[in-house]
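Here are a few friendly notes to read alongside the model. Please have the sequence and the coordinates open as you go through the points.

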Amino acid sequence: MLSPDFSDLPRLIAIMLGRLDMSVDECIKAYTELSATVFHKKHRIPVNIKGNLKERYDSKVLEQAIKQIIRDRNLDENTLLKDPQGTKVFVCCTSGETSQTSLLRSWYTSRGDPDLYRTVRIWEAARATSAASSFFDSISIGDPQQRFLDGGTGANNPVQHVWDEAADLLTSEESLSENVGCLISLGTGQPGYKPFEDTILGIGKTLLSIATETEASADKFHRAQSRLFEKKLCFRFNVPRGLGDIGLAETEQIATIKSMTADHLQSEAVQSVLRTCVERLRQRQCMSDFM
């Protein structure tokens with residue numbers, strides 16, 4: 001099982017890997033090109049005449065860029081997300097009607113919305129999970145139409161969702177803890193510590209950082225599943241503080257992201273954990289087909 005933290009647009013990588021069957025190198029190339037295109041031109045006025053937030057970047061440009069990636073995989077741009085025989089993949093988004101986290105899945109489950117499973121296209125799922133507040137407009141999808149936006153409001157680290165979805169695939173007599181081959185949680189970088197500001201703008205920024213936290217969720221999951229971490233069945237990789245402060249649209253910081261990640265991976269402590277993780281994955285190939 002792979003659980004990458006989702007930081008708005010990078011959620012697309014989950015679909016690239018799982019649904020479009022792209023390699024890691026292909027994902028990096030496609031995402032780098034997409035982000036450069038999408039964040040090329042910014043709207044100067046972030047609010048409309050009614051004082052409501054409006055998108056800073058063009059949602060249509062994002063939509064067309066996603067469709068191009070799908071076409072590059074020799075698929076019709078309107079190919080459905082559902083793929084019951086393929087790799088199981090889901091993305092999180094927030095319901096515009098209830099403000100609750102919703103999951104768009106490539107497989108059928110009784111917990112999901114059957115209408116969404118039947119009708120949602122790959123590009124629509126990608127747009128819904130990438131509709132970061134103030135960056136892109138929300139999107140209405142499905143039949144009947146439902147409005148969705150940024151999935152990071154309540155699920156920037158979806159590791160518990162991954163666990164729950166995997167547990168649902170088992171029978172009532174089976175325990176997920178006894179069937180896990182390997183679970184890898186990938187972070188998007190830890191932000192630096194910041195004091196709680198008491199200005200209106202500062203409070204807004206602090207509340208946003210609370211909503212998009214990832215390390216608190218990771219720590220909570222680690223405590224709940226500490227035995228699996230001790231048995232080297234679960235792994236968490238995340239670049240230390242600083243990388244998480246780089247903004248979504250700061251495409252000019254890609255070199256910095258690469259350098260900070262490379263430095264982190266070169267440390268002996270991380271190398272040791274990586275070697276253990278690789279060995280676990282090798283063993284996984286000889287185990288059951290579950291996960």
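1. A word on terms before the cavity: on a 1 Å grid over the protein atoms alone, a cavity is a set of points where a 1.4 Å probe fits but cannot get out, and lining residues have an atom within 4 Å of a point. Grid points are joined across faces, edges and corners, and a volume is the space filled by probe spheres set on the points. About 70 Å³ of space lies in the largest cavity, and a search of the whole structure finds one cavity of 30 Å³ or more.

2. Some housekeeping: this is a predicted model, in which local features need pLDDT of at least 70 and side-chain atom pairs count only at pLDDT 80 or more, while totals for chains, interfaces and linings use all residues. Residues are numbered from 1 along each chain as its sequence is written, and side-chain values use heavy atoms, with hydrogens and water left out.

3. Which residues line the largest cavity? They are L12, I15, M16, L20, I66, I69, I70, I122 and A126. The lining divides into nine nonpolar, no polar and no charged residues (Ala, Val, Leu, Ile, Met, Phe, Trp, Tyr, Cys and Pro count as nonpolar, Asp, Glu, Lys and Arg as charged, and the others, Gly among them, as polar). At least two lining residues come from each of α1 (12–18), α3 and α5 (122–130); helices (H or I, at least four residues) and strands (E, at least two) are DSSP runs, numbered from the N terminus.

4. I70, one of the lining residues, lies in helix α3. I70 is buried, with a relative accessible area of 0% (buried means under 20%, exposed over 50%, partly exposed in between, with a 1.4 Å probe and protein chains only). Not counting residues up to four places away in sequence, I70 touches L20, L75, D76, E77, I122 and W123, where contact means heavy atoms within 4.5 Å. The C-alpha atoms of I70 and M16 are separated by 8.8 Å, although the two are 54 residues apart along the chain.

5. Helix α3 (residues 59–72) also holds E63. Is E63 buried or exposed? E63 is buried, at a relative accessible area of 10%. Leaving aside neighbours within four places in sequence, E63 is in contact with W123 and R127.

6. In α12, V270, C277 and R280 are buried. Seen down the axis of α12, the buried residues fall within an arc of 85°, so they line one face of the helix (the arc is that of the directions from the helix axis to the C-beta atoms). These buried residues pack against β6 (183–186), β7 (234–237) and α11 (254–266), whereas the face turned away from the buried side carries the exposed residues E268 and R282.

Note on methods
On a 1 Å grid over the protein atoms alone, a cavity is a set of points where a 1.4 Å probe fits but cannot get out, and a pocket is an open set with protein on both sides within 12 Å along at least five of seven lines; lining residues have an atom within 4 Å of a point.
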